[in-house]
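User: I have a model open and want to go through it. Can you help me read it?
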Amino acid sequence: MIDIGLSKIIIISVVALVVIGPERLPAAAKALGILWSRFQHYIFKLKQEVNQHISLEEISHLKAQALEATHSIQIDLQNVHNQASQTFSDLHTSLHNVEDSNIYNTDKYYYQPKFCNGRYSWRLKRLNMPLWYKHKNSVRNRVQSGSARMRRFRYGGQKNIKKHFLF
């Protein structure tokens with residue numbers, strides 16, 4: 001870079017004063033200042049354009065990486081889908097093969113009452129539950145009224161009722 005010191009600037013200004021003259025020196029200095037500002041503006045725009053071009057290259061590079069990653073994920077998902085569909089088809093065929101065997105014997109898991117018409121038909125739905133489900137969810141087998149339940153549990157059961165009441 002050019003090394004311009006204070007002594008060189010004074011020499012250049014004295015030469016300019018002699019060559020241009022004192023009448024045209026202010027107009028020449030103004031024109032020189034305008035040219036210098038235009039030059040700086042041009043350099044600033046050039047730097048801005050170069051930075052924008054570099055950022056566009058980085059963005060395009062990142063876009064290419066993202067597309068590559070999505071493509072690899074898509075291939076992996078397709079492989080997982082193919083494996084899962086193969087597993088489900090194998091399971092489906094094995095279930096059809098097992099269907100003929102006696103593994104689904106419902107006689108020991110379900111109570112099948114005789115068919116009833118009328119108001120007792122709700123019992124068919126109620127009784128047609130697996131026994132394990134009834135035990136797990138504590139489905140009541142016998143229904144008691146509130147007073148019967150109070151009599152049963154208030155004084156410690158059926159044995160102690162005679163002690164509290166005189167019959």
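User: Which residues make the nonpolar surface patch of about 720 Å²?
Analyst: Leu6, Ile10, Ile11, Val14, Val15, Val18 and Val19 make that patch. Patch residues have over 30% relative accessible area and no salt bridge, and nonpolar side chains (Val, Leu, Ile, Met, Phe, Trp, Tyr) are joined within 5 Å. A salt bridge is a side-chain nitrogen of Lys or Arg within 4 Å of a carboxyl oxygen of Asp or Glu.

User: Where does Ile10 lie?
Analyst: Ile10 lies in helix H1, residues 6–20. Helices (H or I, at least four residues) and strands (E, at least two) are DSSP runs, numbered from the N terminus.

User: Why does Ile10 count as partly exposed?
Analyst: Because its relative accessibility is 47%. Buried means under 20% relative accessible area, exposed over 50%, and partly exposed in between (1.4 Å probe, protein chains only).

User: What should I know about the source?
Analyst: This is a predicted model, where local features need pLDDT of at least 70, side-chain atom pairs count only at pLDDT 80 or more, and totals for chains, interfaces and linings use all residues. Residues are numbered from 1 along each chain as its sequence is written, and side-chain values use heavy atoms, with hydrogens and water left out.

User: How confident is the predictor, then?
Analyst: The average pLDDT, the predictor's confidence in each residue from 0 to 100, is 77 for the protein, and 70% of the residues score at least 70.

User: Which helix are they in?
Analyst: Both lie in H2 (residues 25–99), 3 residues apart.

User: And the overall fold?
Analyst: The protein has 6 helices and 0 strands. Of its 167 residues, 4% count as buried.

Notes: Patches are made of residues with over 30% relative accessible area and no salt bridge: like charges are joined within 9 Å, nonpolar side chains (Val, Leu, Ile, Met, Phe, Trp, Tyr) within 5 Å. Accessible areas come from the Shrake-Rupley method with a 1.4 Å probe; for residues, only the protein chains shown count as cover.
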